[in-house]
Amino acid sequence: MIARAVLIAAAATASVACPVPGKETTAPRGLDVGREIEAMVEADWITRDRLFAAANITPGEPVKVNTLGVTTVQDATGAVDGIKNGRFGFHVAVGERDPWWQVDLGKDYRLDRVVIYNRTDGNHAPRTRHIGIGVAGNAHPDRFETVYRHDGTVFLGVKESKPLVVRFDEKNVTARIVRLFVGGECHLALDEVEIYSSADPERNIALGKPADQKSVSRHSVPGTAGQTPPPVAPTDGGFRLAHTRDIIQRAGVLAARLHAGADPDRINPLVANIGKLDRRLAALEAQPDVHNQVRKHVYFEARRLLRSIAFCNPLLDFDRLLFIKRHRGSLPHMCDQYYGFTAVPGGGLFVLSDPLGEHPALANLLEHSVVEDGRLKGQALLPGAFLSPELSYDGKTILFAYSENRQAMQSWDEVWPPTKSSRKWTPTDCYHIFQVDADGNHLVQLTDGPWDDFDPCFLPGGRIVFISERRGGYVRCGIRACRSFNLCSMQRDGGDIFPISYFDTNEWHPSVNNEGMLVYTRWDYIDRNTTIAHHLWTCYPDGRDPRAPHGNYPVRRGDRPFAELSIRAIPGSHRYVATAAPHHGHAFGSLVLIDPRNLDDNCNSQIVRLTPEVPFPEAEGPIRENEQYGTPWPLGEDDYLCVYDRQAKNHGIYWVDRDGNKELIYRDPAILCVSPIPLRPRLVPPVLPEQTVQSAAAMSEAGRDRPATVALMNAYDSDFPWPEGTEITHLRVLQILPKSTPSRNTPRIGVAEQTNARAVLGTVPVESDGSAYFIVPPGKLIYFQALDSRGMAVQSMRTATYVHPGEQLTCQGCHEHKHKTPSHAADPPLALRRRPSPLIPDVEGSNPFNYVRLVQPVLDRNCAACHREQKALDLSGAIQYLPCPRDKHKRCCYTRSYNSLAEKYGFYFHAHSSWLFGSSPASTASRTTPGRFGARASRLQDYLDQSHYGVNLSEEDFHRIVLWLDCNSEFLGAYEEAEAQARGELVTPRLN
């Protein structure tokens with residue numbers, strides 16, 4: 001049956017005869033896959049029985065087999081398999097007491113040396129600094145003598161060429177079994193262990209020998225880490241009656257939950273069968289021994305009963321299921337997986353008819369379709385890769401993304417170095433958006449060009465929102481070329497395209513919630529960690545008022561999922577379902593429910609784990625093996641469609657619920673299935689009126705440019721305490737510039753790692769009641785700083801926003817309480833009683849930003865000569881070339897004064913690690929501490945008055961230094977022409 005399923009997959013993606021363009025085609029007939037699905041369902045049940053056996057060990061004993069079915073013997077072999085990669089070859093239970101690992105050499109050997117290669121990824125090497133070695137001989141293999149204890153110094157491994165070498169060549173140490181141990185609690189994990197005998201000191205006698213260890217962990221795999229094994233069959237044959245008892249109990253609970261809404265003619269007989277099966281099981285439980293085949297039979301009977309009850313669910317009332325097949329992309333990263341040239345050809349757009357019935361039929365929806373318009377007119381979409389299907393609210397039209405990319409990438413060399421890579425962004429290697437009727441007719445290409453367009457989303461008002469690279473720019477981290485992509489909007493026919501987001505990094509997976517708002521994921525790392533925030537954002541369908549109701553400010557990055565992707569509103573609910581995914585991986589992981597109405601504790605108060613057996617990849621556990629769930633489609637608060645694979649390799653389509661039940665609906669053994677969508681109409685969310693002037697229709701109606709304004713009700717209304725006596729007199733408005741060059745630190749903008757180029761757009765007044773009302777330029781990524789009477793920043797945003805033509809953005813306060821109803825004074829705020837303030841431009845050198853033009857004149861007037869005479873810090877404007885701190889093959893082009901001041905005396909956040917430098921200690925916080933920012937928190941402020949050799953700065957000179965410190969102590973203000981900027985030349989950013 002499996003062979004037949006493979007043939008079905010091959011036939012579904014094979015080349016077909018092309019009909020005449022524009023001619024109505026017959027909807028593709030499905031191929032009956034009932035027998036194949038039945039076989040895969042039973043195989044799935046057997047796998048889960050093995051997992052049950054693995055998880056239900058005797059309490060209090062060391063764990064000898066994990067939930068993947070991996071035994072201690074299997075895991076331990078990873079340290080004697082000859083593979084050294086700096087990761088772990090074995091891993092005992094986390095926090096194991098007095099853990100050990102050992103190898104049986106088969107007979108007694110006089111030892112020459114033992115070489116231990118430590119695990120060095122993730123700073124794990126110090127765990128084993130107190131390791132010891134014990135030996136046992138052939139005569140008494142259970143009696144161990146300690147022959148070595150390490151002195152506590154950290155040893156390393158293969159990548160550093162610094163393993164621990166314990167020599168016994170001058171000692172008489174004989175052993176058949178060599179045991180490594182650590183006293184106390186330890187996550188014992190090592191890469192490789194080699195043992196050499198005196199008789200043959202060049203041959204590793206431990207290689208391939210039997211090994212064992214005290215326990216296993218959820219990280220354990222047979223051999224070296226990197227592959228997830230198939231579950232191991234229990235020694236008793238499995239199908240324990242305890243497991244069947246668990247299934248019957250689950251069936252009863254599920255039937256009780258579904259009973260009120262299910263068809264009584266279907267569910268009542270099944271409820272009666274629960275009682276019959278329960279009595280039969282009780283009789284078997286009373287017997288001293290039950291044959292394996294009997295246990296298997298009753299287990300399968302319970303499984304079928306549970307499945308039948310599950311499919312009585314009234315939320316599963318669809319008769320067609322839409323999904324796509326695709327191969328996993330060739331680059332494991334949350335950005336790279338959406339570049340067309342990283343796609344692996346194969347797959348398609350599929351419909352499964354009667355998916356929960358006795359005769360499910362699979363059809364390739366595009367089997368007889370050709371493109372009716374555009375560059376690909378007259379062609380079928382084969383081969384190539386498919387992505388992100390979307391169904392219209394009436395269930396009649398499907399959108400999806402497709403890349404012609406005909407050849408899968410073979411290595412990273414194809415995208416590195418960025419300036420010489422063989423892969424380019426071309427129309428044939430990018431994703432474009434297509435539209436087709438639900439019966440496969442009228443296939444139309446909507447977008448084209450040398451940029452990726454994907455993740456289309458129907459808006460209730462008729463337009464389509466999608467993700468695109470059209471705005472331009474690159475990601476600031478990573479050594480390869482990695483383009484940014486953001487929210488864009490277009491008409492239903494693909495016309496009138498424009499961006500509705502101006503964020504400088506990436507966004508994903510837009511959908512519409514039950515209130516008609518857009519929901520999506522934003523990668524937010526302005527002046528903070530690159531992996532700290534990829535969470536839920538909302539905005540209006542025209543892009544205005546982007547907000548982060550959840551997850552944007554975790555205390556520690558491991559407190560929350562590294563990324564929440566595929567976010568969708570649950571029907572009839574204010575909650576969302578999402579995939580807790582990794583940053584350095586694909587859009588798979590563990591499923592979570594997000595409740596923004598809960599008070600956010602900057603940890604997990606707003607998150608409910610729907611699949612708690614799978615840790616959050618990268619945040620809580622390894623990436624690859626935990627990419628098990630993905631692309632959830634919520635049916636209700638308790639029921640979801642999604643894709644799942646325990647081995648995180650070949651995902652199939654499942655129904656799952658919040659009680660841990662899951663049933664396989666369809667799997668293709670040859671290729672991943674993703675993005676299941678019931679092919680039926682659904683409720684249309686409310687249409688929210690457009691309040692910006694962006695679309696062609698809106699611009700025609702407006703007849704003229706309309707300014708964009710920002711209104712701040714009360715700066716002091718915040719969810720943090722302001723420093724005592726704080727008086728905010730102005731807001732500084734700054735722009736974050738899109739990165740126009742590929743690869744990180746090209747160039748390095750300043751002393752901070754992977755930081756943003758920025759510009760000061762100007763300042764606006766804040767009234768005595770904390771209100772402000774001002775005009776800002778649309779289409780620019782901006783953030784605000786609250787200034788005191790001396791123009792020093794007291795507080796600064798570490799995210800950003802933007803406005804659109806005609807938009808009127810309103811903020812209650814500086815990071816106001818999300819769950820607090822704003823107070824309304826009897827009279828309007830003072831700022832709103834007047835016309836909006838224009839931005840007051842700042843001093844020369846602030847826009848475009850340039851240290852040489854902004855700061856160097858101050859040093860030349862006040863400091864440089866004295867420092868030169870006293871042989872103190874060199875504060876001259878001479879250009880100095882130094883290797884880039886993280887990328888030694890690149891060079892930084894700064895002045896000597898900048899190199900003297902920035903790192904030691906400046907204030908800056910690393911975008912890479914969010915470390916805070918200056919007078920404050922290192923910090924990984926995702927938010928700014930009021931009063932401890934910029935010039936106020938820098939060491940340089942101690943040298944700006946007369947206490948430092950009579951320094952007497954003018955008001956403007958003081959302001960220039962403050963402005964530099966408040967702007968992350970940057971040097972460059974553009975990503976182009978770094979040397980010209982170092983010479984003080986005016987360089988205008990190419991992208992803004």
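Predicted model: local features only at pLDDT ≥ 70, side-chain atom pairs only at ≥ 80, totals over all residues.

Glutamine 735 has isoleucine 782, in strand β39, as its bridge partner.

- Strand β36 (residues 730-736) and strand β39 (residues 781-787) are antiparallel and are joined by 7 bridges.
- These two strands belong to an open sheet of 4 strands, ordered β37-β36-β39-β40, with antiparallel pairing.
- At the edges of the sheet are β37 (758-765) and β40 (793-796), each of which pairs on one side only.
- From one strand to the next, the twist averages 30°.
- Helix α13 (residues 955-966) lies across β36, β37, β39 and β40, and its direction is at about 55° to β36.

**Strand β28 and its partners**

- Strand β28 (residues 588-594) is mostly covered, with 7 of its 7 residues buried.
- Strand β27 (residues 576-581) runs antiparallel to β28 and is joined to it by 5 bridges.
- A hairpin is formed by β27 and β28, with 6 residues between them.
- Within this pairing, valine 577 has leucine 593 of β28 as its bridge partner.
- Strand β30 (residues 629-634) also pairs with β28 in the antiparallel sense, over 2 bridges, and here glycine 589 stands opposite tyrosine 629.
- Strand β29 (residues 607-609) pairs with β28 over 3 bridges, again in the antiparallel sense, and valine 592 stands opposite arginine 609 of β29.

**Isoleucine 607 in strand β29**

- Isoleucine 607 is part of strand β29.
- Is this residue, isoleucine 607, buried or exposed? Isoleucine 607 has a relative accessible area of 10%, under the 20% cut-off, and is therefore buried.
- Beyond its neighbours within four places in sequence, isoleucine 607 is in contact with His550, Arg560, Pro561, Glu564, Val592, Leu593 and Phe616.
- Proline 596 is 11 residues from isoleucine 607 along the chain, and the C-alpha atoms of the two are separated by 8.7 Å.

**Helix α4 against helix α5**

- Helix α4 (residues 241-258) and helix α5 (residues 264-285) have axes that come within 10 Å and cross at roughly 160°.
- Angles over 145 degrees count as roughly antiparallel, and α4 and α5 are therefore roughly antiparallel to each other.
- The α4 and α5 crossing is left-handed.
- The residues of the contact of α4 with α5 comprise 12 nonpolar, 2 polar and 3 charged.
- Among the residues of α4 that meet α5 are Leu241, Ile248, Gly252 and Leu258, while those on the α5 side include Ile267, Val271, Leu281 and Glu285.

**Helix α4 against helix α6**

- Helix α6 (residues 292-310) packs with α4 at an angle of about 15°, and the axes are 9 Å apart.
- Angles under 35 degrees count as roughly parallel, and α4 and α6 are therefore roughly parallel to each other.
- The crossing in which α4 passes α6 is left-handed.
- By class, 13 nonpolar, 2 polar and 3 charged residues make up the contact of α4 with α6.
- The α4 residues that meet α6 include His243, Ile247, Arg250 and Leu254, and the α6 residues include Arg295, Tyr299, Leu306 and Ala310.

Technical notes
Residues numbered from 1 in each chain as written. Heavy atoms only, no water. Axes fitted to C-alpha atoms, helices over the stretch in contact; angles between N-to-C directions. Parallel < 35°, antiparallel > 145°, perpendicular 65-115°, else oblique. Left-handed = near helix turned anticlockwise from the far one by under 90°. Contact = heavy atoms within 4.5 Å. Nonpolar A, V, L, I, M, F, W, Y, C, P; charged D, E, K, R; others polar. Pairing = 2+ DSSP bridges. Buried < 20%, exposed > 50% of the residue type's maximum accessible area, 1.4 Å probe, protein only.
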